[in-house]
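Visitor: I'd like to learn how to read a ligand site and a helix beside it. Can you walk me through one?

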Amino acid sequence: MYERQIIEEEKEFMIPVYKRIPVCLVKGAGIKLWDINGKEYLDFFGQGVNSIGHCHHKLVKAIHEQANKLIHFSNLYYTMPQVELAKKLSQISFGGKVFFANSGAEVNEAAIKLARIYGKGKYEIITMTNSFHGRTLATLSATGQEKIHKGFEPLVDGFKYVPFNDIEQIEKAITKSTCAVMVEPIQGEGGINVASLEYLKGLRALCDEHKILLILDEVQTGIGRTGKMFGYEHYGIIPDIMTLAKWLGSGMPIGAMIAKPLLADLLAPGTHASTFGGNPLACAATLAVINLILEENLVENARETGNYLINKLYELKDKYSFIKEVRGKGLMVGMELETAGGSIVDACLQQGLIINCTVEKVLRFLPPLITTKQNVDKAIEILDKVLQKE
Ligand code: PLP
């Protein structure tokens, strides 16, 4: 099939929810991708999913071996990779218990349900403006962005939005009906907005004082991306519930909700479930991803290479007056422009660099944990060339 035919058939046969970029990708290896015409790209976006790069041989091997044993079976029975992965996630985080699903929205749904059960009638959850928690009805209602709500009203009841990084507003928003606060340590879709130390520490204290749950949506900050295994580690706090997806399976669809043990037990048999959640194939793959991250010190690499990337972007900021701000942690980095960034993303793509733009003006860089300083140099060289023409 040729590119034009794929584009035409997509239009004819698929529901048009994606505004697609006219490139058809057929192969990936490490940080590189190739399209149907053989053109090579450096992947500094990966939609925040390909944590260990594309098609890492250890991930491919784990998928292959598990596929030869057992791909899926009902959650009414025990399967081994699921329990092994839950143990691993508990051990590398805060000792909680795990529920598996297939995506970020689904694990956030689970967190919302757990918070409501914990609340025993208290059902309000405070979330932040510019947050993003998913596209299901409850998670889009939790999301503090009008454009995500539009057309789907009435929203699920019980979400209150307050400005990010503003502890006083949260204090004001807490009522007798509040059961939880849900927040991203770094807002990803909202433009790489980093929570301040005082904010998350203050939030933890406030939740303790009012006996309400602190839910951290680490779907985008999770496993290694920020230069720590989990975003909360930057802040010296522990959440009651944490949700993970995206980078967890490096491309295998999986999400995990981790909750403190006593809290977790409130989700008793029959209260929640997922047919595919935690299936042996996804769990074996995810175990291979986490083992590789640990064995090859990839979190350390994210910290070092991320700092290198941030410094290089600062150099560009000194050079171009239309760059407003550089922000982020590890390999989760944003560069805010004075003007819209879409044309820069397109021009980078032409030059073989895949990046993304969020909230119109923030160029977003989410390269994999295996990124090297040479990869950063190449990306910066392309970006610099593109920015010269702006
Ligand atoms: N939460 C955050 C912080 C996200 O960034 C996303 C996706 O971008 C989601 C939840 C939703 O994840 P999914 O698309 O896997 O449902």
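**Reading the ligand shell**

Guide: Counting a residue as near when one of its heavy atoms lies within 4 Å, 13 residues surround the ligand, and the closest are G104, A105, D217, Q220 and K246. This is a predicted model, where local features need pLDDT of at least 70, side-chain atom pairs count only at pLDDT 80 or more, and totals for chains, interfaces and linings use all residues. Residues are numbered from 1 along each chain as its sequence is written, and side-chain values use heavy atoms, with hydrogens and water left out.

Visitor: Which atom of A105 lies 2.8 Å from an oxygen atom of the ligand?

Guide: A backbone N or O atom of A105. Q220 instead brings a polar side-chain atom, at 2.8 Å from a ligand oxygen, and a polar side-chain atom of K246 lies 3.1 Å from an oxygen of the ligand. On its own the ligand has 390 Å² of accessible area, and the protein covers 83% of that (Shrake-Rupley method, 1.4 Å probe).

Visitor: Which helix gives the most to the shell around the ligand?

Guide: Helix α4, residues 104-119, with 3 residues. Helices here are DSSP runs of H or I with at least four residues, numbered from the N terminus.

Visitor: Which residues of α4 are buried?

Guide: Buried means under 20% relative accessible area (1.4 Å probe, protein chains only). In α4 that includes G104, A105, V107 and N108. After α4 comes K120, with a positive phi near 45 degrees.

Key:
Polar contact = N/O pair within 3.5 Å; in protein donor to acceptor, adjacent residues only side chain to side chain. Helix = DSSP H or I, 4+ residues; strand = E, 2+ residues; numbered from the N terminus. Buried < 20%, exposed > 50% of the residue type's maximum accessible area, 1.4 Å probe, protein only.
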